[in-house]
Amino acid sequence: MAVSLRSWVANEGGKHLVLMLWLGANTWMFLNTFLLYSTGQQYHYLYKMLGVGLCISRASASVLNLNCSLVLLPMCRSLLTFIRGTRAVSSRKTRRLLDKYKTFHVACGVAVCLFSVVHVSAHMVNLVNFSVSYSDDFPALNLARYRGEDPKRIILTTIPGVTGVLLVLILLLMFISSSHCVRVSNYEIFWYTHNLFIVFYIILMVHMVGGALKYQTNVEAHPPGCLKPNQSSTEQRVEDLDRLEDEDVGRCREDARFEPHWPQTWLWVSGPLCLYCVERLYRYIRSSAPVTIVTVVKHPCNVIELRMLKKNFKARPGQYIVLNCPSVSSFENHPFTLTKCPTVNRETFGIHLRVVGDWTERFTQLLLPQPRMDVEILPMVQQRTYPKLYIDGPFGGPSEEVFNYDVSLCVAGGIGVTPFACVLQALLDGWRGFRLQRLYFVWVCRELQSFYWFAELLCALHQKLWQENRPDYFNLKLYVSQAGDLQSMSEERFRPLASRLLVGRPRWKLLLDEIGRSNKQKRVGVFCCGPKGISRTLHKLCNSARSCGTTFEFNKESFS
């Protein structure tokens, strides 16, 4: 499959540019610090004692400072949502880059873990050198108390050593619990361990207080390698003699003096840390008032619809909220895309959630009684006392951009239809002022009953557009992968859906070629929310070359 340069730049150019800038900043920080400690005169004696381990430990520390400051910024979701919503500040390309915030967060986190291994390894070598290469000439330079001191004793009796061990343990816990298998099997472990970042940053800012590494403060009065007042050149070590032959180094005017570096880590992390803490405080205050659950609707295929009400809550189609139910778990939070937004005439908003996993099962048991075995396909409405529920958000998502293209293609797999349901609801509610001229909507489900989640919405929108004489505005295709009783959707009110229902899986290449021929030389926004297989296929096709000159810009919803 040939790759189109234009399509590749549209889909991959921005994120690869950011990646190159990030890698360049990390490389520059590493090399600049490495050269400073290997060639800087103020580190001459320390470098003679520790060797290249000094340079690697300090160079990796500078990279850690950079990434420990950057890793927090993508998690300031309210700030990112504000930037996304400010059209005067952010272009469409910028907003699409903001959708990669989790990828950047993960990249910075991986860099922190990798360079922590490098940093620790280099310092283990340094500890051995501190013990073996104990300096009798410059006692202030030593970290060891005497020659041959056990490096383990140095670790356990110094502030940098003890804090370093704690940092490694916390980072190891956070790294292991961040794996996909842990997050899926037990989200609470991920949540609790990831919130150790506050302890991590506090210890990190204390880590340098001990002053393990010292620099020379009087280089002019005591040039490195100079002769002491009562010492001849023949008494110098061989390596210093070679240096004296090439350089005009005289006698020392005073003894070398050494001081530890003033801790600088706080300069790197205090700004992002304060910003993140302010963000968390703002989100806590905003989400402190519980929402009112208006209605709970049980849909086929283990899907629950919640309709809620909250004072002064405003949201845009494509955004999502984070739910917290203390009766299920006080600290566990889960994101759900809005399927209905508040409007001028309707203050309620809604979400659809699929009952998969422990949290959703316990949550559903609180919302509804045990389901009966003879439940009909049509939704069953229950009225009862509901548990307390808190929401945080709304937050921006890729599907907000559906309205900012002339032509958009929305592809949903199963419950992945939820981001686009809100878009369709906005079209039904008569939203104005957007750019969208044509919308292609493809929904793939395993079971026919899944289409009933939004069957009425799809039929109502179809009828509205026909009445407005705009039948070509909305192009709908439904695919069911398991052929069952297709006659169940043949009743009159669902006839618009039955005529667009196909058995099997979409032939994505033919579909995109057809859209491309109908929209030559245009940019088509492709939005996908569903299984990874569909996303990977569409992503590759969007980057491929097309004779019609149409550019497909790929956007993917992700809550992993």
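**Note on the predicted model**

1. In helix α11, which spans residues 197-206, the buried residues are F197, F200, Y201, I203 and L204. They lie on the same side of α11, because the arc they cover around the axis is only 165 degrees. An α-helix has 3.6 residues a turn, so residues three or four places apart point the same way. The structure discussed here and below is a predicted model.

2. What do the buried residues of α11 pack against? Their partners are α3 (52-70), α8 (159-177), α10 (187-194) and α13 (265-286).

3. Some totals give the setting. The protein chain contains 19 helices and 15 strands. Of its 560 residues, 49% are buried. Take the contacts in the chain between residues at least 6 apart in sequence: 76% of these join residues at least 24 apart.

4. Helix α1 covers residues 5-39, which is 35 residues. A straight helix would reach 51 Å at 1.5 Å a residue, but the end C-alpha atoms of α1 are only 44 Å apart. E12 is itself one of the buried residues of α1.

5. Aromatic rings deserve a separate look. Over the whole structure, a search finds 21 aromatic pairs. Which residues do ring pairs link into a cluster? They are F420, F441, W443, F451, W453, F454 and F474.

6. For R77 the ring belongs to F395, and the charged end is 5.7 Å from the ring centre. For R470 the ring is that of Y473, with 4.8 Å between the charged end and the ring centre.

7. The backbone has a cis peptide bond, running from G393 to P394, with omega near 10 degrees. P394 belongs to strand β9, residues 390-395. The range of β9 also takes in F395, whose ring lies under the charged end of R77.

8. N302 has a positive phi, near 55 degrees, although it is a residue other than glycine. Where does N302 lie? It is in the loop between β3 (292-299) and β4 (303-309). N302 counts as partly exposed because its relative accessibility is 45%.

9. N469 is also a residue other than glycine with a positive phi, here near 60 degrees. Its loop runs between α16 (455-467) and β12 (474-480). Is N469 buried or exposed? At 65% relative accessibility, N469 counts as exposed, since the cut-off for that class is over 50%.

10. R354 brings several of these points together. It is found in strand β7, residues 349-354, and its 30% relative accessibility makes it partly exposed. In sequence R354 and C301 are 53 residues apart, yet in space their C-alpha atoms are 8.0 Å apart. Leaving out residues up to four places away in sequence, R354 touches C301, N302, V303, T360, I415, E447 and W453. Among them, N302 is the loop residue between β3 and β4, and W453 belongs to the aromatic cluster.

Definitions and conventions
Residues numbered from 1 in each chain as written. Predicted model: local features only at pLDDT ≥ 70, side-chain atom pairs only at ≥ 80, totals over all residues. Heavy atoms only, no water. Helix = DSSP H or I, 4+ residues; strand = E, 2+ residues; numbered from the N terminus. Expected span 1.5 Å × (residues − 1). Buried < 20%, exposed > 50% of the residue type's maximum accessible area, 1.4 Å probe, protein only. Phe/Tyr/Trp six-rings, centres within 6.5 Å; stacked < 30°, edge-to-face > 60°. Lys NZ or Arg CZ within 6 Å of the ring centre and 35° of its normal. Arc of directions from axis to C-beta. Contact = heavy atoms within 4.5 Å.
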